[in-house]
Amino acid sequence: MDKTAAAAVEIPATLNGNVEAAASALRSGDLERAEQLVIGVLENAPLHVPALRTLAAVRLDQKRQNAAAVLLERIVGEEPADYWAVSKLALLELGRHQNLKAEVHARQALRLAPTNPQSHNLMGVALTQTGKAAAGEYHHRKALELSGKRIPMVLSNLALNLKNQGRMQEARELYQEVVAAEPMNRQSLLGWAQLEEADRNLDRAKELLDRVEEVSAPTPATRQTRAAILGREGRADEALAILEAEEERQLRPIELMERGRLLDKTGRYDEAWEAFLASKQRAVEMGGQTYLRKEARGLADQLEQFFAQERVDILPRAGVRADAAQPIFILGFPRSGTTLLEQSLSVSPQITAGDELPIVHEIVATMPRLLASPHEYPGALAELWMGDKRDELDSLRDFYLQRARQRGLLGGEARFFTDKMPLNEMHLGLIGLIFPRSPLVHMIRHPLDIMVSAMSNFFTHGGFCGAQLETAAEHLVLSNSLVAHYRAVMDLNYKAVRYEDVVDDQEATMRGVFDFVGVPFDPRALSFEENVRYARTASYAQVTEKLYDRSRYRYRHYLKHLEPALPILQPLMEEWGYAV
């Protein structure tokens, strides 16, 4: 489209009449008539916003999400203050699991309608999905306050938010309230069932799923949840039977992934790998991202060039805040054992589990504004050489700690809290400037085992590198080349911990980690599965089991499928001391 020409089109009155007729047809449920009329208008005037709005509504009714997204984005481009389009776009992106995009639109909706309960509920959902649960809780409660009602949908969203914060009993009470008011509310019943599954109450979870399926026929979501429960009970064959009950139905990515994990448990490894690949491919087809290779490599090059020895030597360091708990950065690639380590450390009353905190990435994104720099990160750090900016690292440190406070991590008597955002090690130089004395614990694991886990789970970290085997391998090598560079030019409070050492000699390894952190060893770390907190990661089920070794050298079952990654990973395996 030539937008300049399109904007110059004069719209005849007859076209406006057709738009009104299309809107009327839409209201009466005649989608075909509405579509026909409004497309006729848009062929003549492609930027006619009322026509775009009507066609977007038709596409949403038709469940044609990609088409609807294009139309809504076009409306927002023309009229950024169109609340309907902005809020619909946020909802659509949440439905497509494009959570970061959804948050951008949810923020704009709230700017446009700050007293609208719907705006706050939407913002709460978006923040919950991007890992900012404490802030999301505020918006859900604000929605209830502004409405003056106990709206079941908002209560269910708040319950999910509290579950993600590990506040299981509070979440449970909210689900009970919703179901008491609306016994046939299948979404709340399903959310409650998923809470009980996460909280290890498997029998109760199954009872609630039975109630869901009394309300309506089994759905992909209920099947996947029931299969997950049966898988945790060791009944993999029964779980597979549920997922495969309708062979003609195309399984969703999450169901394909669950099917692959169940096949893995039953020893059907070739079939499991096929399911993993199909799941990843289908996720991409449904609008998921592929690896942002150019962006990832470009950032890595910029970081290595900026954090050169001669520059690092003259950069200041932030001071240590004695009045606040300090972060322990648990570093590592997704699925390398970081959740296991966090679950073990957080049994100590001196250490609070923070889960995956996006705060370092927030600092990276907002650094030009925070430092009043004309350059993007990492170039913005050059401002620190200015006499009036020498203390600005203290401001970045305080920004981080304030965000941690908003998440409830600085209250109580704990001296430390964990931040295990995967691939924070890409920004190890920045972390070392802001928190020069904070413990940096890097979980490493056989790279081929990491690849199997990367393929058998979804994650968006690392520029969507997990979309394919080869790109996951590329990013693992890329991130660790940066770690090696940072360690060569900076004095870092760093310790590498092997996943295999935790499995082989758990007590000695964990004692070493506690000593490194500076906290007395807590024997309960050896029974981390009894730590009742909910780990909001793909590993939440595994860390409720006793330590096992079936994930160690799991790659052997998949070696022939991993061959494309071997040339990429071979140098890293040699560096880390692993062999095939």
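1. Burial. Of the 580 residues of the chain, 54% count as buried, where buried means under 20% relative accessible area, exposed over 50% and partly exposed in between, with a 1.4 Å probe and protein chains only. The model is predicted: local features need pLDDT of at least 70, side-chain atom pairs count only at pLDDT 80 or more, and totals for chains, interfaces and linings use all residues. Residues are numbered from 1 along each chain as its sequence is written, and side-chain values use heavy atoms, with hydrogens and water left out.

2. Overall form. The chain contains 29 helices and 5 strands; helices (H or I, at least four residues) and strands (E, at least two) are DSSP runs numbered from the N terminus. The radius of gyration is 26 Å, close to the 25 Å that the globule rule gives for 580 residues, so the chain is as compact as a globular protein of that length. That radius is taken over C-alpha atoms, and the rule is 2.2 Å times the number of residues to the power 0.38. The C-alpha trace spans about 75 × 65 × 50 Å along its principal axes.

3. Contacts and surface. Among contacts in the chain with a separation of 6 or more, 68% are accounted for by residues 24 or more positions apart; contact means heavy atoms within 4.5 Å.

4. Helix α10. This helix (residues 152-164) has 13 residues and reaches 18 Å from its first C-alpha to its last, close to the 18 Å expected at 1.5 Å a residue; the expected span is 1.5 Å times one less than the number of residues. Of its 13 residues, 11 are buried, so α10 is largely enclosed by the rest of the structure. G166, with a positive phi near 80°, follows the helix.

5. Helix α17 (residues 269-285) has 17 residues and reaches 24 Å from first C-alpha to last, close to the 24 Å expected. Its buried residues, among them W273 and F276, pack against α16 (253-265), α24 (447-455) and α26 (469-489). H561, in the loop between α28 (506-517) and α29 (566-576), contacts D270, W273 and L469, leaving aside neighbours within four places in sequence. H561 and Y269 are 292 residues apart in sequence and 10.0 Å apart in space, C-alpha to C-alpha.

6. Most residues other than glycine have a negative phi, and most peptide bonds are trans. The bond from Y377 to P378 is cis, with omega near 5°, and P378 is found in the loop between α21 (359-370) and α22 (392-406). R200 has a positive phi near 75° and lies in the loop between α12 and α13 (202-215). R335 also has a positive phi, near 75°, and is found in the loop between β1 (326-331) and α20 (338-345). R200 is partly exposed, with a relative accessible area of 31%, whereas R335 is buried, at 16%.
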